[in-house]
Structures are given as C-alpha cells and as structure tokens.
Amino acid sequence: MTEHLTIVDHPLVQHKLTLMREKGTSTAVFRQLLREISQFLAYEVTRDLPLTKRRIETPMQEMEAPVLAGKKLALISILRAGNGLLDGVLELIPSARVGFVGLYRDEETLQPVQYYFKVPESLEDRLVIAVDPMLATGNSSVAAIDLLKKAGATNIRFLCLLAAPEGVARMKEAHPDVPIVTASLDSRLNDKGYIVPGLGDAGDRMFGTK
Ligand code: URA
C-alpha cells in the first residue's frame with residue numbers, strides 16, 4: 001500500500017456505518033454490522049497481497065492458478081474492541097494467525113500499559129494487520145505497534161472503523177510506514193478523547209457493557 005490513509009467509501013460501508021452510529025441501534029445489530037463492514041475493510045487492506053501460481057486440475061483441464069504467496073498473515077486484535085473487527089476479518093481470511101495485545105491507560109501518567117501480549121511466531125515473515133475499531137488519540141495504537149515492531153514485525157497495516165485526525169497524525173508521526181485503512185475520517189476528538197461525531201464507546205456498544 002502506498003497511501004498512509006485509505007478511506008473505504010463504498011456505499012454499502014457508508015450505509016452500514018450510519019446505522020452503527022445511531023444511538024438507538026441494538027447491541028446485536030451493532031455487532032452484526034461491524035462484522036459485515038469489517039469484511040469490506042479486510043478486502044481493501046489485503047487488495048495488494050502478493051500471489052503465486054499453483055498447478056491445479058479443474059474438471060475441464062489443468063491450469064496454473066493464483067494463490068496467496070508467502071507465510072500466513074497475522075491478525076492482531078488490540079483488546080478489547082479489536083475483537084469485534086477480528087471476527088469479520090477472520091471470516092474472510094480463515095487461515096490467518098491471530099494475536100492479542102492488551103493495553104490499559106494508567107490514570108496518573110495517561111500512558112498505555114501492557115497487560116497482555118501473545119502473538120504468532122515469525123512475525124518478521126508475515127504481513128501483520130493490527131485491528132482496533134477506533135483510532136482516537138492514537139496512544140494505544142502507537143504503543144501496540146511499538147510492541148509488534150519489538151516482536152519483529154516489519155510489514156504492518158492498521159485497520160479501524162473510525163479515525164480521528166489527531167490519531168491519524170499521531171500514527172503518521174510515530175509509524176509513517178504503517179498504512180491505515182478506515183471507513184471514515186471523523187471531525188475531531190472531544191475533551192474526553194472520544195471521536196466526534198463517532199459512535200460512542202465501541203467496546204460498550206459491541207459487548208453491551210453500558
Ligand atoms: N474509543 C471508543 O470506543 N470510542 C471513541 O470515540 C474513542 C475511543
């Protein structure tokens with residue numbers, strides 16, 4: 001990918017995103033829409049994956065047919081909201097390896113602190129796609145990608161549902177080599193770090209915790 005930020009403006013994505021944003025949308029419908037949108041986002045973030053050829057036999061004849069090249073890619077969910085995106089992406093790429101990064105915000109320093117880190121082996125040989133629905137301040141995304149790079153990843157992409165300009169700028173500064181794919185670049189962050197107009201707390205809305 002050459003662009004630092006790709007906005008997936010497909011009409012179906014934009015329509016489904018509007019339904020997700022509406023505050024009256026139920027948890028079940030929110031989760032289903034997220035699953036559907038994440039497949040479109042996965043399509044976009046993988047559109048330039050390298051292919052190789054494999055000799056196969058159709059009922060008609062033999063042919064050299066395209067298949068994905070290289071090691072299985074790694075999907076990394078940034079907990080906990082990342083799991084909502086992960087499910088849909090995995091439906092499209094079922095053989096992907098999966099990892100998890102857990103970070104919480106220290107209320108005194110406001111810095112992200114790692115509480116869980118488990119990723120597939122040989123990250124250095126894989127395309128790594130980090131997923132988190134909301135790119136807000138960018139603090140946790142930048143920290144998660146720092147950890148993935150420390151673990152060996154060199155080819156990383158970031159997949160989110162919504163991005164704020166502040167988060168995109170922070171990512172570009174810290175990780176200019178990591179392309180971002182999103183369904184929308186919203187207006188701004190509010191003083192609590194929420195994306196406006198946004199959709200509220202993605203984790204609460206997908207898991208029904210509020
Ligand atoms: N995380 C969320 O869930 N929502 C936001 O608006 C920002 C961060």
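A strand, as the word is used here, is a DSSP run of E with at least two residues, and strands are numbered from the N terminus. In this predicted model, I195 has its place in such an element, strand β14, which spans residues 195-196. I195 also belongs to a set of residues that an unreviewed UniProt entry annotates as "binding site", together with G200, D201 and A202.

**The annotated set around β14**

- The UniProt annotation "binding site", taken from an unreviewed entry, covers I195, G200, D201 and A202, and the lining of the largest pocket takes in I195, G200, D201 and A202 from this set.
- I195, in strand β14, has a relative accessible area of 6%, and because buried means under 20%, I195 counts as buried.
- Not counting residues up to four places away in sequence, I195 touches M134, L135 and A136, then L162, A163 and A164, and finally D186, R188 and L189.
- D201 is found in the loop between β14 and α6, the latter covering residues 202-207, and with a relative accessible area of 26% D201 is partly exposed.
- When neighbours within four places in sequence are left aside, D201 is in contact with R80 and Y194, and the side chains of D201 and Y194 are joined by a polar contact of 3.2 Å.

**The ligand and its surroundings**

- A polar backbone atom of I195 is 2.7 Å from an oxygen atom of the ligand, while a polar backbone atom of G200 is 2.8 Å from a nitrogen atom of the ligand.
- For A202, a backbone N or O atom lies 2.7 Å from an oxygen atom of the ligand.
- On its own the ligand has 240 Å² of accessible area, of which the protein covers 83%.

**A second annotated set**

- A further "binding site" annotation in the unreviewed UniProt entry covers R80, R105, D132, P133, M134, L135, A136, T137, G138, N139, S140 and D201.
- Of these residues, the lining of the largest pocket includes R80, R105, D132, P133, M134, A136, T137, G138, N139, S140 and D201.
- R105 lies in strand β5, which covers residues 97-105, and at 45% relative accessibility R105 counts as partly exposed.
- R80, which D201 contacts, is found in the loop between β4, residues 74-78, and α3, residues 82-92.

**Cis peptide bonds**

- L79 and R80 are joined by a cis peptide bond with omega of about -5°, and R80 is found in the loop between β4 and α3.
- Another cis peptide bond joins V196 and P197, with omega of about 0°, and P197 is found in the loop between β14 and α6, where D201 is also found.

**Other loop residues**

- S26 is found in the loop between α1, residues 11-21, and α2, residues 27-45, and at 36% relative accessibility S26 counts as partly exposed.
- A polar atom of the side chain of S26 lies 3.2 Å from the backbone nitrogen of V29.
- S26 and L85 are 59 residues apart in sequence, and the C-alpha to C-alpha separation between S26 and L85 is 17 Å.
- T46 is found in the loop between α2 and β2, the latter covering residues 51-57, and at 16% relative accessibility T46 counts as buried.
- Apart from residues up to four places away in sequence, T46 touches L73, I93 and I129.
- S122, in the loop between β6, residues 112-118, and β7, residues 127-131, has a phi near 55°, a positive value in a residue other than glycine.
- At 23% relative accessibility, S122 counts as partly exposed.

Notes. Residues numbered from 1 in each chain as written. Predicted model: local features only at pLDDT ≥ 70, side-chain atom pairs only at ≥ 80, totals over all residues. Heavy atoms only, no water. 1 Å grid on protein atoms, 1.4 Å probe; cavity = no way out; pocket = protein on both sides within 12 Å on 5 of 7 lines; lining within 4 Å. Helix = DSSP H or I, 4+ residues; strand = E, 2+ residues; numbered from the N terminus. Buried < 20%, exposed > 50% of the residue type's maximum accessible area, 1.4 Å probe, protein only. Contact = heavy atoms within 4.5 Å. Polar contact = N/O pair within 3.5 Å; in protein donor to acceptor, adjacent residues only side chain to side chain. Areas by Shrake-Rupley, 256 points an atom, 1.4 Å probe, with all protein chains shown as cover.
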